[in-house]
Amino acid sequence: MQRKDMWAMAFHAVPTVGLLAQGLLYLTTSRFMPYHGEALGTAWEALPANYQGFVLGVIKGMGAGSIGITLALLIMLAGPFRRGDAWARWAVPAVGITFTLLTAYAAYTIDIRTPASPPWPQTLGLAALYLAGAAISFAPWKGPAPTDPA
């Protein structure tokens, strides 16, 4: 693996770990996040039980999706990307950028339509890391030829 590919992998792995952390947080929470309360204009305890169940289901669904995307990305990074498969150089950033931009868009919608301040700028930062990883991956390399690890 060339040095630039190791850097590209690192730039893809960092936001992927961030998605895993987000997914675990959302999947294991027992109440909404503070910005959800700001968006709804109410405290968790003030929500009727059926609303709490619905909101938790939506939050946990987001967490499950995040973990699913993380698993797919980690498998691609550990196998095909590391081996240098050309398709993985496109697939990893395509999946990461798509998921993070769509997630940022959803959070931005909450930001502009409610008094809440969801963390959409941080999610854009994750997308930027995937984009940087892609740029590194496809940049011309003038260094020494890769060595065979075998």
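Is T42 buried, exposed or partly exposed? With a relative accessible area of 25%, T42 is partly exposed, because buried would require under 20% and exposed over 50%. The model behind this value, and behind the rest of this text, is predicted. T42 sits in the loop that links α2 (34-40) to α3. Apart from residues up to four places away in sequence, T42 touches F32, G37 and L47.

Helix α2 also holds H36. Its relative accessibility is 13%, so H36 counts as buried. Once neighbours within four places in sequence are set aside, H36 is in contact with Y26 and I59.

The helix pairs come next, starting with α1 and α5. Helix α1 covers residues 3-28, and α5 covers 120-138. The two pack at an angle of about 165 degrees, and their axes are 8 Å apart. That angle makes α1 roughly antiparallel to α5. Their crossing is left-handed. On the α1 side the contact is made by K4, D5, W7, A8, F11, H12, V14, P15, T16 and L19, which meet L126, L129, Y130, A132, G133, A134, I136, S137 and F138 of α5. Sorted by class, the contact of α1 with α5 has 13 nonpolar, four polar and two charged residues.

Helices α3 (49-83) and α4 (86-113) form another pair. Their packing angle is about 165 degrees, with the axes 9 Å apart. This makes α3 roughly antiparallel to α4, and the crossing of α3 and α4 is left-handed. From α3, the residues M62, G65, S66, I69, L73, M76, L77, P80 and F81 meet W87, A88, R89, A91, V92, V95, G96, F99 and T103 of α4. The contact of α3 with α4 comprises 13 nonpolar, four polar and one charged residues.

Helix α1 also meets α4. The axes of α1 and α4 come within 11 Å and cross at roughly 35 degrees. The crossing of α1 and α4 is left-handed. K4, H12, L19 and Q22 of α1 make this contact with R89, V92, P93, F99, T100 and T103 of α4. The residues of the contact of α1 with α4 divide into four nonpolar, four polar and two charged.

What does the interior look like? The largest nonpolar core has 14 residues, and those with the most contacts inside it are L19, L73, M76, L77, F81, V92 and Y130. Helices α1, α3, α4 and α5 each supply at least two residues of this core. The largest share, five residues, comes from α4. A second, separate core has 10 residues, including Y35, W44, L47 and A116.

F81 is in contact with M1, D5, A8, M9, H12, M76, A88, R89, V92 and S137, leaving aside neighbours within four places in sequence. One of these partners, H12, lies in helix α1. At 0% relative accessibility, H12 counts as buried. Beyond four places in sequence, H12 touches L77, F81, V92, P93, Y130, G133 and A134.

P93, one of the residues that H12 touches, lies in helix α4. P93 is buried, with a relative accessible area of 4%. Its contacts, with neighbours up to four places away left aside, are H12, A88, T98, Y130 and A134. What separates P93 from A49 in sequence and in space? The two are 44 residues apart in sequence and 40 Å apart in space, C-alpha to C-alpha.

Helix α4 also contains I110. This residue is partly exposed, with a relative accessible area of 28%. Leaving out residues up to four places away in sequence, I110 touches Y35, A39, A116 and P118. Two of these partners, Y35 and A116, are included in the second core.

Technical notes:
Residues numbered from 1 in each chain as written. Predicted model: local features only at pLDDT ≥ 70, side-chain atom pairs only at ≥ 80, totals over all residues. Heavy atoms only, no water. Helix = DSSP H or I, 4+ residues; strand = E, 2+ residues; numbered from the N terminus. Buried < 20%, exposed > 50% of the residue type's maximum accessible area, 1.4 Å probe, protein only. Contact = heavy atoms within 4.5 Å. Core = buried A, V, L, I, M, F, W, Y, C linked by side-chain atoms within 4.5 Å. Axes fitted to C-alpha atoms, helices over the stretch in contact; angles between N-to-C directions. Parallel < 35°, antiparallel > 145°, perpendicular 65-115°, else oblique. Left-handed = near helix turned anticlockwise from the far one by under 90°. Nonpolar A, V, L, I, M, F, W, Y, C, P; charged D, E, K, R; others polar.
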